[in-house]
Amino acid sequence: MIGNLESFQDKLAASGFPPLVNKLAGASFRGRIATRDLGPLRLVSLDTPESACIGRERDASDGENLAVKVMTRGRTRIEQGRAVAELGPTDLVLLDPTRTLRFASTAAAHVTILVPRRELRIRPAQIDRLIGVRIDGSRGPGALVSVLARESARSATEFREAEALRSAAAVVELIAVALEARLGDEQPAPDEWLRNRIAGYIESRLADPDLSPPGIAAAHNISVRRLHKLFEDQPLTVAALIRRRRLERCRAELTGSGRTVTAVAARWGFSDPTHFSKLFKATYGYNARALVTSNRAQTTKTRTAGPEKDGGDQGRQ
């Protein structure tokens with residue numbers, strides 16, 4: 001989509017970006033924006049003229065996502081937190097939409113990945129050290145993230161839903177690797193590093209019905225005993241972590257997909273529908289089927305409601 005400043009800013013806000021004030025924009029402003037979703041990730045491709053922008057601090061409730069900005073053309077100088085990043089083509093930077101942001105750029109093109117904080121399994125203290133810091137996109141893990149961001153922005157619509165979810169998990173894992181590599185000497189302790197890698201491995205393979213502690217241990221060249229030892233001081237055991245994350249994926253899909261409980265359960269590794277239903281109710285306090293019923297009722301209501309009944313605010317909810 002190509003638009004003038006007003007339409008461009010409206011589209012930008014709708015994509016999840018914080019409001020920005022562009023000091024150089026005038027009546028002749030023309031920008032291009034395209035938004036695609038890949039599982040829980042949102043990829044926003046921007047093509048903008050020379051710009052100098054300010055984004056003001058926002059309420060913490062607006063901070064569900066972090067943003068990974070990848071340059072594809074032009075140069076940008078970004079200030080956020082205590083850092084200043086000078087970015088050229090392929091470089092990337094981690095940004096927090098709730099914090100004050102200043103940047104100046106030449107005519108440029110870039111892809112921004114909006115990543116839910118909960119998916120990015122990096123400690124808040126480490127994120128604070130990474131905000132606004134340039135990551136080299138020409139080598140190492142940064143180069144892989146840079147290439148994936150650009151390719152995913154072009155091809156995300158070609159993924160089936162299950163493929164998109166698994167691909168998004170792999171992208172998040174690679175982003176985490178690139179960020180941890182940038183920390184240098186501030187790497188976590190060996191056990192924490194390995195535990196984080198295993199958590200990422202689990203996340204990317206939740207749909208695999210054969211995912212289990214023995215297979216996870218073998219994939220990381222450790223014993224099953226060592227695997228359980230890594231998680232003994234964590235809120236969840238390995239098996240409980242797999243079960244909980246699968247249940248969360250099932251709940252999210254049942255809320256919006258319209259698929260049957262049995263089909264969704266099977267997609268996420270639960271082969272016994274009865275066991276799944278009991279486990280779901282024990283975890284959330286209500287039946288999984290209630291989500292399907294509620295979703296169908298909402299869909300029917302939306303289809304039958306006229307424009308006068310289905311007001312603007314309701315339509316956005």
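1. A quick definition before the helix pair: axes here are lines fitted to C-alpha atoms, for helices over the stretch in contact, and angles run from 0 to 180 degrees between N-to-C directions. Bear in mind that this is a predicted model.

2. With that in hand, look at helix 4 (residues 161-183) and helix 5 (residues 190-204): their axes come within 8 Å and cross at roughly 160 degrees. Since angles over 145 degrees count as roughly antiparallel, that crossing makes helix 4 roughly antiparallel to helix 5. As for handedness, helix 4 passes helix 5 in a left-handed crossing.

3. Who does the touching? On the helix 4 side, the contact uses Arg166, Ala169, Glu173, Ala176, Val177 and Glu180. Helix 5 answers with Trp193, Asn196, Arg197, Gly200, Glu203 and Ser204. Sorted by class, the contact between helix 4 and helix 5 has five charged, four nonpolar and three polar residues.

4. Now the largest pocket, which holds about 450 Å³ of space. Its lining counts 15 residues, and those nearest the centre are Pro40, Arg118, Glu119, Arg249 and Ala252.

5. Helix 4 turns up again here: along with helix 8 (238-256), helix 4 is one of the elements giving two or more residues to the lining of the largest pocket. Helix 8 gives the most, with six residues.

6. On the make-up of that lining, the residues of the largest pocket divide into eight charged, six nonpolar and one polar.

Definitions and conventions
Residues numbered from 1 in each chain as written. Predicted model: local features only at pLDDT ≥ 70, side-chain atom pairs only at ≥ 80, totals over all residues. Heavy atoms only, no water. Helix = DSSP H or I, 4+ residues; strand = E, 2+ residues; numbered from the N terminus. Parallel < 35°, antiparallel > 145°, perpendicular 65-115°, else oblique. Left-handed = near helix turned anticlockwise from the far one by under 90°. Contact = heavy atoms within 4.5 Å. Nonpolar A, V, L, I, M, F, W, Y, C, P; charged D, E, K, R; others polar. 1 Å grid on protein atoms, 1.4 Å probe; cavity = no way out; pocket = protein on both sides within 12 Å on 5 of 7 lines; lining within 4 Å. Points joined across faces, edges and corners; volume = space filled by probe spheres on them.
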